[in-house]
Amino acid sequence: MTTRLADIAAQAGVSEATVSRVLNGKPGVAATTRQSVLAALDVLGYERPVRLRQRSEGLVGLITPELENPIFPALAQVIGQALTRQGYTPVLATQTPGGSTEDELTEMLVDRGVAGIIYVSGLHADTTADMQRYERLRAQGVPFVLVDGFSPKVQAPFISPDDRAAMSLAVTHLVSLGHTRIGLALGPKRFVPVQRKIEGFVRTVQEQLGLSAETVESELVQHSLYTLEGGQAAATALIERNCTAVVCASDMMALGAIRAARQHGLDVPKDISVVGFDDSPLIAFTDPPLTTVRKPVPAMGQAAVRTLLEEIGGTPAPHSEFVFMPELVVRGSTASAPGERNRV
C-alpha cells in the first residue's frame, strides 16, 4: 500500500498524505488536486475505490466504421475520453463487413436509452443514402452529431476537416518540389469527403500547373477502396500514367501506394513521392516515414462531444457544419521530382 501511495503521489505531483485523503474521501482537498490524484490512479492502472467512482450521467453511443484504419480508433479514443471527463459513459458500436448495419446499431443504442449518438463517417457521408433515417431519429428525440461528411438534407451539427484545403496543401508541397505529373488516389466517388478532395485537387492543379479540369479528372484521379490494397491498385494505375507523385486520401492507401511503387522497381521518394491523409498513429515510423496531411482529430473529437452535450442539455448548436483546418506534416516520403534533381 505504501509503495502504491508513493507511486500515485509522484505521478500526481502531490504528497502521500494528500493521496490518502483523496482515497479515503476526506474533505479539505481542492477539486483540481483531487482530479490529479484520480487521473494518476487511472494512468498507473489502479482501480478507483468504489466510493470514488463517478455515477454516469448516461450512455452516449459512438458509431464508427471498421477499426482497421487506425484513424477511427484514434478518433474514438479522443471522443471517449472527452465524454468520460463530462461524466458520460461511451458505448462504441462498430460496423463490420457482414456484421451489424448502421441502422441496426442505432436501434440497439436507442433501445438502451442512450442520451445521444455520434456518427463517424456514416451513411450521412454517402450521397446515395436515404437521409430520412436521421430525421426519424430526430423525431424520436435522440440528439446526434455527424462527423466526416455533410448533407444539406439533415438538420444536425456536422464536424468536418477541410478536405479541399488538405488537397491544396499536398499539391502545393509537391509542385514546390518540381512535380508536374501528380496523381490522386481516393475512395468511391459517392462519398462527400471524396468529392471535396477532388474539387480541391482539381482546382489547385489547374491554378498551379495550368491543366484543364477535364485532363485532371480523366488522367490524374483514380478511384479505388479506402484500404492498403485499394491504394496499391490506384497507385499502380497512376504510375502507369507516368505520375511522379501520388496524393492519397488516407494513410492506409498511401502505404499501398508505396508498395505499388516498389513492385514497379521505384524508390520512394527518389523516383516517386507519396503523400497520405490523416496522420494516423505510428505513421511517422513507416519506411520511409510518411509525409501526410494531418486531420485535426483532437479538435474534431472534442468539438463533436461539446456539440452533442449542448444538444443533450437543451441548447442545440446551430444546424451547420464546423470545419477544421488540416496541416501538412513533411517527412521522408516526398522529395524533388526526378527531372528536377538532374538539373541541380
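User: Is the crossing of α8 and α9 left-handed or right-handed?

Analyst: This is a predicted model. The two helices, α8 and α9 (residues 213-220), have axes that come within 9 Å. For this pair, the crossing of α8 and α9 is right-handed.

User: Which residues of α9 make the contact with α8?

Analyst: From α8, the contact draws on Ile198, Phe201, Val202, Val205 and Gln206. By class, the contact of α8 with α9 has seven nonpolar, one polar and one charged residues. On the α9 side, the residues are Ala213, Val216, Glu217 and Leu220.

User: Are α8 and α9 roughly perpendicular or oblique to each other?

Analyst: Their axes cross at roughly 120 degrees. Angles of 65 to 115 degrees count as roughly perpendicular, and this one falls in the remaining class. The helices α8 and α9 are therefore oblique to each other.

User: How are α2 and α3 oriented to each other?

Analyst: Helix α2 covers residues 16-23 and helix α3 covers residues 31-44. Their axes come within 10 Å and cross at roughly 85 degrees. With 65 to 115 degrees as the range for the class, α2 and α3 are therefore roughly perpendicular to each other.

User: How many nonpolar residues does the contact of α2 with α3 have?

Analyst: Helix α2 contributes Thr18, Val19, Val22 and Leu23. Helix α3 contributes Thr33, Arg34, Val37, Leu38 and Leu41. Sorted by class, the contact has two polar residues, one charged residue and, for nonpolar, six.

User: Is Arg196 buried or exposed?

Analyst: Arg196 lies in helix α8, residues 192-209. Leaving aside neighbours within four places in sequence, Arg196 is in contact with Phe150, Ser160, Asp163, Arg164 and Glu321. Its relative accessible area is 13%, and the cut-off for burial is under 20%. Arg196 is therefore buried.

User: Do β9 and β10 run parallel or antiparallel?

Analyst: Strand β9 spans residues 273-278 and strand β10 spans residues 291-294. Four bridges join these strands, and Phe277 stands opposite Val293 in β10. The direction of β9 and β10 is parallel.

User: Which residue in β12 does Val293 stand opposite?

Analyst: Strand β10 is joined to strand β12 (residues 327-329) by three bridges. These two strands run antiparallel. In β12, the residue opposite Val293 is Leu328.

Technical notes
Residues numbered from 1 in each chain as written. Predicted model: local features only at pLDDT ≥ 70, side-chain atom pairs only at ≥ 80, totals over all residues. Heavy atoms only, no water. Buried < 20%, exposed > 50% of the residue type's maximum accessible area, 1.4 Å probe, protein only. Contact = heavy atoms within 4.5 Å. Axes fitted to C-alpha atoms, helices over the stretch in contact; angles between N-to-C directions. Parallel < 35°, antiparallel > 145°, perpendicular 65-115°, else oblique. Nonpolar A, V, L, I, M, F, W, Y, C, P; charged D, E, K, R; others polar. Left-handed = near helix turned anticlockwise from the far one by under 90°. Pairing = 2+ DSSP bridges.
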